[in-house]
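Here is a short report on one protein model. It takes a helix, a ligand shell and some recorded positions in turn.

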Amino acid sequence: MGTYKIAVLPGDGIGPEVTTQALRVLERVGARFGHTFQTTQALVGAAAIEAEGDAISDATMALCQESDAILFGAVGGVSRYEGPNSKVQPERALFRLRKELELFANLRPVRPFKALLNASTLKPSILEGTDLLVVRELTGGIYFGKPSEIRQTPHGLEAIDTLLYSEGEIERIVRTAFELARGRTKKKVTSVDKANVLSSSRLWRRVAERVAADYPDITFEHLLVDACAMHLIRRPASFDVIVTENMFGDILTDEASMLAGSMGMLPSASLGTRQTAHGTFGLYEPIHGSAPDIAGQNKANPIASILSLAMLLRHSLSLEAEAQAVERAVEQVIDAGYRTEDLQEAGTTIVGTEEMGRLIAEAV
Ligand code: ATP
Ligand code: MG
């Protein structure tokens, strides 16, 4: 069994609030199942810029390298670091972690809880049966391509971003998607691109087809990203695994979060190939950001963070029963009618961040 080492990076805004609740749940998991979780906290984002001069220090990077997994809150949303004159952005912390730890596969499951079908803006009849997984490429594409700059020309300013993908980068993320599809019920992969316009998408499609040939047991289809955005709210239950490049995945999952009722419900896992003594090394975080508009008010929904913890237990520590215990605890508390403000509906009991965390910890 041994000790499980978890680096905890709460970050900015609601990051620390929701992470505190996830840690509370972790403590209960340890007590119930008899595990020792060794957690070490460090600063990231604006909090780290203020205290250490950088969005993530080398010492914090080293701490992450030595851990089995990282539990991450959120960074950014601090206006004095967001402007065009700011030398270091809080978001740099995430980009550095993803890039240096080679966390290229971002898994974002979307499985609306039954009791929350009415909390969505969509009709329950459309949501029924929705259980999808977006596999977003995380270390390539337009967020990392060079050049990326605003520059002076004789005719005024111009700006450039670069969307670059190598065959190898496409192949490994598509393969990850197919491997994950094998373990699921619908056994289907939808590769999402913009192949009618972008060269990078045409290469994506070609590589995806080649990989698909190795998986005759999995249904495979291509979909243009604009059509996917539409079908996600028209027939969400028809999707299983969606694999796509970095920016498309970013946008589609914010959209998909509303299927689950709120941004505050969706967890994520960012994985690479590195194995630790216990499982696959990874970083776990809610898909939402630092939500400065509600920070410090005990309003944030901690469920995305708590479900991210469940993914950490599953993928990095190979503690499946423990992961399920956390997911069941969340479902139980939702079924009992407790909601944070973002999920407000008639007939439910509104609780704050702390209270929601406590209820879920107790249910574990
Ligand atoms: P960032 O710059 O850090 O990404 P953002 O401005 O994009 O932040 P998000 O944090 O992504 O904002 O949140 C978008 C909206 O969703 C905000 O109005 C926020 O209040 C809401 N929201 C996000 N997370 C939660 C949560 N856990 N609970 C409740 N509401 C949330
Ligand atoms: Mg955001």
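## Terms and model

Helices are DSSP runs of H or I with at least four residues, numbered from the N terminus. The model is predicted.

## Helix α11

Helix α11 runs over residues 320-335 and has 16 residues. From first C-alpha to last, α11 reaches 22 Å. That is close to the 22 Å expected at 1.5 Å a residue.

Which residues of α11 are buried? They are Glu322, Ala323, Val326, Glu327, Ala329, Val330, Val333 and Ile334. These residues cover an arc of only 150° around the axis, which puts them on the same side of α11. An α-helix has 3.6 residues a turn, so residues three or four places apart point the same way. On the other side of α11, Glu320 and Ala321 are exposed.

What covers the buried residues of α11? The cover includes two helices, α1 (15-33) and α10 (303-315). It also includes β13 (338-339) and α12 (353-363).

Just after α11 comes Gly337. Its phi is positive, at about 95°.

## Ligand 1

Ligand 1 is surrounded by 17 residues. The closest are Gly264, His288, Gly289, Ala291 and Asn301.

How does the shell around ligand 1 divide into nonpolar, polar and charged residues? Eight are nonpolar, seven are polar and two are charged.

## Recorded positions

An unreviewed UniProt entry lists Asp226, Asp250 and Asp254 under "binding site". The three are spread over 29 residues of sequence, yet they cluster in space. Their largest C-alpha distance is 14.3 Å.

Helix α9 (residues 246-257) holds Asp250. Asp254 is placed in helix α9 as well. A residue counts as buried if 20 or more other C-beta atoms lie within 10 Å of its own, and as exposed if 12 or fewer do. Asp250 has 19 C-beta neighbours inside 10 Å, so it counts as partly exposed. Asp254 has 14 other C-beta atoms within 10 Å and is therefore partly exposed.

## Arg92

Where does Arg92 lie? Its place is in helix α4, residues 92-100. Arg92 is partly exposed because it has 19 C-beta neighbours inside 10 Å.

Arg92 and Ala46 are 46 residues apart in sequence. In space, they are 9.9 Å apart, C-alpha to C-alpha.

Conventions. Residues are numbered from 1 along each chain as its sequence is written. Chains are lettered from A and ligands numbered from 1 in the order in which they are written. This is a predicted model: local features need pLDDT of at least 70, side-chain atom pairs count only at pLDDT 80 or more; totals for chains, interfaces and linings use all residues. The expected span of a helix is 1.5 Å times one less than its number of residues. The arc is that of the directions from the helix axis to the C-beta atoms. Two residues are in contact if their C-beta atoms, placed from the backbone, lie within 7 Å. A residue is near a molecule or strand if its C-beta atom, placed from the backbone, lies within 6 Å of it. Ala, Val, Leu, Ile, Met, Phe, Trp, Tyr, Cys and Pro count as nonpolar, Asp, Glu, Lys and Arg as charged, and the others, Gly among them, as polar. UniProt positions are given in the numbering used here, feature names are shortened, and annotations may be inferred rather than shown by experiment.
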